Structure formats: C-alpha cells, structure tokens
Amino acid sequence: MADLTIPDIAAFGRAHETLSGSTAVADLPRVAEDASSPEPVEWRVEGEVITRTEAPEYADHIGLRLFVTAALDVPCARCLEPRRALIDIDSSFVVFDSEEAADAAPLDDDRFDPIVAQRSLDLRELLEDELLLAIDPAGTHDICSPEALRRLGLTPVGETVARIEDKPSAFDILRSLRSDGGEK
Ligand SMILES: [Zn+2]
C-alpha cells in the first residue's frame, strides 16, 4: 500500500505545494467495504496559507484544497445490485494543530472544513472520509433490474413507475402550478 502521508503539513502549505495521485479503491479500506471500481480514485491536494481576504477568521492558517474524482460501484438502495456513483469532490480545509484549537475556532465559514494535523497529515484517511461522505447511501438506479427486485421479494414496478418515483409527472407539475396561481 503506497504511503499517503504529507510529512509536514505546515511546510506543505507555506510552500504552496501540490500533490496528486491515483489510488486503487482496494487501498482505501474503509471505502472498499462498500464500494469497488476497476478504475483508481484520482486526487490532487493543494497547500496554501489562507489569506485575510480569502477568510478573515482563518487568516494565516494552513489551508488545503482537495480535488477527487472517482467512479465507484456501490449498492443500489432499492435493489442492492451495484450502481455507478460518479464522485466529484472539491473541498477546502483549514488545518488546526490540536483538537482544542479546532474546537475554539469560529466555524462560521462553512466553505472550510476543519481538520486537525499536528505535523503530518494522513491523506488516506482524508480521502476515505471525503469519499464516504460523497457516496449517497440512498442512491438508486434510475431503473432497477426487475430480476433483482424479484429476488428481494419486491414487486417490479416497471420502467414507467420507477421513473415517476424520481421525477414528478407532467400532471403533478401542472397541478402545483394551478394551486400556486390560485393562492394569489
Ligand atoms: Zn437498483
């Protein structure tokens, strides 16, 4: 398993370093519990020192920006067969060197997620956290296979009904337009 550690996060940020890589899902054990993919997870992390104009309350803190793309096969919440989840992450972090400092910080600026790293940063853990957050556990196929539904003892609803569950029908839209108009 490749080493995915930034040894000195403060130096990484101050030098505005960038690190990128491709990591197999199998090398992200917590993600691999529920997901698989023939393609690796592509990621890039950029270090910075947060400026006053960017975010006054985090000025001079080390910041990280993480980009992740992945195509993961995860279980469909309806039929449990694999479905393809396309993941596209662009997250910004503010780095604190202790839990106490993170707890004491004003967290009004929700563009930045706080992370704690005393010196080194475990990128594997961060990648796993972000991927697990990005996978929608309620995600389903647009249309599940009728065979898979039958195996679960569910009555296949057919293509049309499965679609209507996800998108309002023209009739519903018309009805909501009419009721909006009626209130004015
Ligand atoms: Zn399904």
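Figure 1. Ile-9 touches Ile-62, Val-95, Ala-117, Arg-119, Ser-120 and Leu-121, leaving aside residues up to four places away in sequence, where contact requires the C-beta atoms of two residues, placed from the backbone, to lie within 7 Å. The view is taken from a predicted model, in which local features need pLDDT of at least 70 and side-chain atom pairs count only at pLDDT 80 or more, whereas totals for chains, interfaces and linings use all residues. Residues are numbered from 1 along each chain as its sequence is written. Ile-9 is also one of the residues that touch the most other members of the largest nonpolar core, which holds 29 residues; the others in this group are Val-41, Val-68, Val-94, Val-95, Leu-127 and Leu-131. Two or more residues are given to this core by helix 1 (9-14), strand 3 (41-49), strand 4 (62-75), strand 5 (82-96) and helix 4 (123-134). A nonpolar core is here a set of buried Ala, Val, Leu, Ile, Met, Phe, Trp, Tyr and Cys residues joined through C-beta atoms within 7 Å. A residue counts as buried if 20 or more other C-beta atoms lie within 10 Å of its own, as exposed if there are 12 or fewer, and as partly exposed in between.

**Figure 2. The protein chain as a whole, for orientation.** The secondary structure comes to 7 helices and 7 strands, which follow the pattern β-α-β-α-β-β-β-α-β-β-α-α-α-α along the sequence; helices (H or I, at least four residues) and strands (E, at least two) are DSSP runs, numbered from the N terminus. Buried residues make up 21% of the 184 residues in the protein chain. Of the contacts with a separation of 6 or more, 59% are between residues 24 or more positions apart.

Figure 3. Five strands form an open sheet in the order 2-3-4-5-6, with mixed pairing, two strands being counted as paired if DSSP finds at least two bridges between them. Strand 2 (18-23) and strand 6 (112-116) are the edge strands, each pairing on one side only, and neighbouring strands are turned by 30° against each other on average, direction ignored.

**Figure 4. Phe-93 within strand 5.** Phe-93 is found in strand 5 and counts as buried because it has 23 C-beta neighbours inside 10 Å. Leaving aside residues up to four places away in sequence, Phe-93 touches Gly-63, Leu-64, Leu-66, Phe-112, Asp-113 and Ile-115. Phe-93 and Gly-47 are 46 residues apart in sequence, yet their C-alpha atoms are 9.7 Å apart in space.

**Figure 5. Helix 4 across the sheet.** Helix 4 lies across strand 2, strand 3, strand 4, strand 5 and strand 6, and runs at about 55° to strand 4; axes are lines fitted to C-alpha atoms, for helices over the stretch in contact, and angles run from 0 to 180 degrees between N-to-C directions. At 1.5 Å a residue, the 12 residues of helix 4 should span 16 Å, which agrees with the 16 Å between its end C-alpha atoms, the expected span being 1.5 Å times one less than the number of residues. The buried residues of helix 4 are Leu-123, Leu-126, Leu-127 and Leu-131. They cover an arc of only 125° around the axis, so they are on the same side of helix 4, the arc being that of the directions from the helix axis to the C-beta atoms. An α-helix has 3.6 residues a turn, so residues three or four places apart point the same way. Leu-127, in helix 4, is buried because it has 24 other C-beta atoms within 10 Å, and it touches Thr-23, Leu-28, Val-41, Trp-43 and Val-68, not counting residues up to four places away in sequence.

**Figure 6. Two loop residues with positive phi.** Asp-60, in the loop between strand 3 and strand 4, has a positive phi of about 75° although it is not a glycine, and it counts as exposed because it has 9 C-beta neighbours inside 10 Å. Leu-80, in the loop between strand 4 and strand 5, is likewise not a glycine and has a positive phi of about 70°. Leu-80 is partly exposed, with 13 other C-beta atoms within 10 Å.
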